[in-house]
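Please open the model in your viewer and keep the selection tool at hand.

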Amino acid sequence: MSMKIERLVKMANDISAFFDADPDKTIAAEGVKNHISRSWELRMRQAIIDHLKNHDGEGLSPLAKTAVSQIIV
Amino acid sequence: MSMNKEKDFGTPASAATEMVNLEIDGFKVTVPAGTSVMRAAASIGIDIPKLCATDSIEPFGSCRLCVVQIEGGRGLPASCTTPVFEGMKAVTQNKQLAEVRRGVMELYISDHPLDCLTCSANGDCELQDMAGAVGLREVRYHPIETHLDAKKDTSNPYFSFDPSKCIVCSRCVRACEETQGTFALTIDGRGFDSKVSPGQNEDFLSSECVSCGACVQACPTATLMENNVIENGQPEHAIVTTCAYCGVGCSFRAEMKGEQVIRMVPNKDGKANHGHSCVKGRFAFGYATHKDRITKPMIRTSIQDAWKEVSWEEAITYAASEMKRIQAKYGKDSVGGLTSSRCTNEEAYLVQKLIRAGFGNNNVDTCARVCHSPTGYGLKQTFGESSGTQDFDSVMKSDVILVIGANPTDGHPVFGSQMKKRLRQGANLIVVDPREIDLVKTPHVQADYHLKLRPSTNVALINALAHVIVSEGLVDEDFVNARCEVASFNKWRTFIADERHSPEATEEITGVPAADMRAAARLYATAKNGAIYYGLGVTEHSQGSTMVIGIANLAMATGNLGRDGVGVNPLRGQNNVQGSCDMGSFPHELPGYRHVSDPETHDLFEKTWGAKLSINPGLRIPNMFDAALDNTFMGLYCEGEDIAQSDPDITHVHAALRAMECVIVQDIFLNETAKFAHVFLPGASFLEKDGTFTNAERRISPVRKTMRPLAGYADWEVTQMLSNALGYPMNYSHPSEIMAEIASLMPTFAGVSYAKIDELGSIQWPCYDEASTGTPIMHTEEFLRDNGKGLFMLTEFVATQERVNGKFPLILTTGRILAHYNVGAQTRRTENNVWHSEDILEIHPHDAEDRGINDGDWVGIKSRVGETVLHALVSERVQPGVVYTTFHFPESGANVITTDSSDWATNCPEYKVTAVQVTKVTQSSEWQQGYRAFTENQLDLLAQASNV
């Protein structure tokens, strides 16, 4: 899916901003990963994973990067 | 079928549990203490004559027609104002009583036009009935002065006021006060000069009257009468159904002549509305037979082409072939659809079933995406179920009511009236809203605190309230320990106790004085029963879900859950938005809010539906638009929604719709979305089909057919035809069969059936088994999460990225108005335009003065994504720096300005926060000019439909 990656990056960062409140960053990353896995359409998940792989997740917050790296499609 | 007139017991029922025994005319009767003699008599079938009494309002004792004799008592007391007592012996009829009543009637009739045969109330006039009941045979008085020449007031488009027929019983005045709570009517003058007067001798239209119809309903004569009855005569049968407007879901008697609706009368037995109504449900039903209705299926290849009227078979075959073609060309996931919150549960269920089983993907979404999707997410996470916790009647037990981002008197007027009734009884009120909504100060109601926060700072405010509760020892520790996950609470307690969440630290962010936040928090936390009601002012933010979670945290921390008078209550926007969500309209959830990947649920649905189902979440509405612009989402089946008007950043939406190869719109009108469509399937209004709606209190209510569908089919039948043409068979013969399937698949609906709905009138889910009568209040023993415990979650405030700056220095926020409903497709086609014929921009005097703007000026409103032009209204209801408008008229282009900023969890748009600049202009915007040209062109193409 060629959905604009900037939008997906923003969505991932917004999700991360919520879960980032948890002082335990392992739990926070798990929260982000689960949220994306359970609510994003397959092509969107694949696109953000590809963005992390191919562009080092440019624009993603540190927590979002950690979470995206754990997503399995 | 018959009229089945509702019995009038004369006075309201007593809520007392203590019972009293008495005798009336020698018959023994047992009634609750506090019951009037009149009601006690009516309960055993003895109808004491009456005029000023009716059971929707408190007794008044003025007409003297209902006098009775009480053994051992003095005189002839009015039975309406005389409560029963143990051992009472009452006589309702003897010679003396008959003479008194006849004398009273004689006086009334001496100043009443004797035009019964041509009177609009003929056949439905209590005065006429009472004259008969008391045996009036002559009128000896012929007064020199009468009111027979009093001038009729026809200013209101829906009802007329004929004072020549008024008996000054004050029922209308009392209904306006007690039932509606507007206090628009009064008795002006004294003695002979006494007359019913709207406001200060104004006509009805110019007065404070909100046209709820309570006065018309209460009037015993033809004084206040529906114009429809005046024009068409009395109805001859009635069918009980449910209103198709807001999430209150009022029960109505559709009073009919053949297939013509004469009037919609609020049903006294309706458990959501108790015989009350608003201007929309009561009067604004004319859209259903409006000339704009499209009743023939139409197709076209391109949106530049003229429409072509075709047979149902041709339209359905074409639509199915297009969807199959697109899937063959672009892949299985290149199509999807939208269910409608204006359609029934059964219809929403069928549309999502067609998409999941027929299209083979989960690309289904619904309008809750743009309103209460954060409610679904937030309450599911914290409480375990995506719904409000209470029934509406719970508010009558509340001691402190916290209203956040909701405007009940405009958006949910019938519940607003019930809330005002409780407030007049003495409950405290806290309003959290950037704007001064009516509830802040209305007759006999004054908010204790109006926390006038800056738009987008909800979470900072809710955190501040929670901080006060935690730091001042106001937590209900017993509730938290017994009912919630203690580890999550402890983590939350540490988080929220941090000084950065204190009122003093957040004052700068919210703009609300810290002292007010502290006082409001204490008031809510120390209430015996504290209840929270909220609306789209909570959800339509980038932190909408966070705020819902914050509200849930607050209620759990204070133990305000699980009983009457408390709770977390989302005021749902559309009539069936709760129902459409329940029915599996979200792309990640099957019916009953169960995730598409949940193995047990997935297997159950695959087996029942006999189709291979995807375990992957589908596209949300905004994702569909993005995908369309990428040429990967090319076909949409849109039932009963108008995304081309309602969704944010409309220019983007329109571009996406233009990019699609097949847009199928099923609607009653050529709405905005239909202008981009290739197939038009005519829909049926709520009056033309059977089904159910589920309101904001989870109440499943019947929708019953009052007339045949104008286009020949109910919407569920159209979906079924489309599904069959797609190759996925559906063979339902009645919506009750669809409900039976729903009940077999959704545990919370397991005990729901049409037979039970007919028996009980309505059912609040969860309704787990055949014996259950539903659940008015949820989470009474434990929460519906797997472990039964409530979950506290951390709610850090994150400032919106939609920020003001020098170029866009004002915040635009949007809302609704009483007279109109959402995109206005229905109400704009009624006389409601009399009250509100265009969307206007409210701007504070300071901001207006800075820009040289006066009332009525054309002003341009420009955001980062677009510009539109509206008339200005200079008003102190908005605070400096904030402007406000409604979004009921497509030509206003409110969503030309709103951006794609959205809630982090659900992508619910941030409608409530758009940075804008406002300037005085002299002409409409470029977008508006383009819109007008496009619309004219589309209407031309429609006009050619029958000629092609």
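**A tour from chain to strand**

Begin by selecting chain B of this predicted model, where residues 24 or more positions apart account for 72% of the contacts with a separation of 6 or more. With the whole of chain B in view, you will find a secondary structure of 30 helices and 36 strands. The radius of gyration of chain B is 29 Å, close to the 30 Å that the globule rule gives for 948 residues, so chain B is as compact as a globular protein of that length.

Strand β12 of chain B, residues 298–299, runs antiparallel to β27(B) and is joined to it by 2 bridges, with B:Ile299 opposite B:Val679. Strand β26 of chain B, residues 662–667, pairs with β27(B) in the parallel sense over 4 bridges, and here B:Gln666 has B:Leu681 as its bridge partner.

Finally, move to chain A and select helix α1, residues 5–19, together with helix α4, residues 62–69, whose axes come within 8 Å and cross at roughly 105°; the two helices are therefore roughly perpendicular to each other. Where they meet, A:Ala12, A:Asn13, A:Ser16 and A:Phe19 in α1(A) face A:Leu63, A:Ala64, A:Ala67 and A:Val68 in α4(A), and the residues of this contact divide into 6 nonpolar, 2 polar and no charged.

How values were computed. Residues numbered from 1 in each chain as written. Chains lettered and ligands numbered in written order. Predicted model: local features only at pLDDT ≥ 70, side-chain atom pairs only at ≥ 80, totals over all residues. Rg over C-alpha atoms; globule rule 2.2 N^0.38 Å. Contact = placed C-beta atoms within 7 Å. Axes fitted to C-alpha atoms, helices over the stretch in contact; angles between N-to-C directions. Parallel < 35°, antiparallel > 145°, perpendicular 65-115°, else oblique. Nonpolar A, V, L, I, M, F, W, Y, C, P; charged D, E, K, R; others polar. Pairing = 2+ DSSP bridges.
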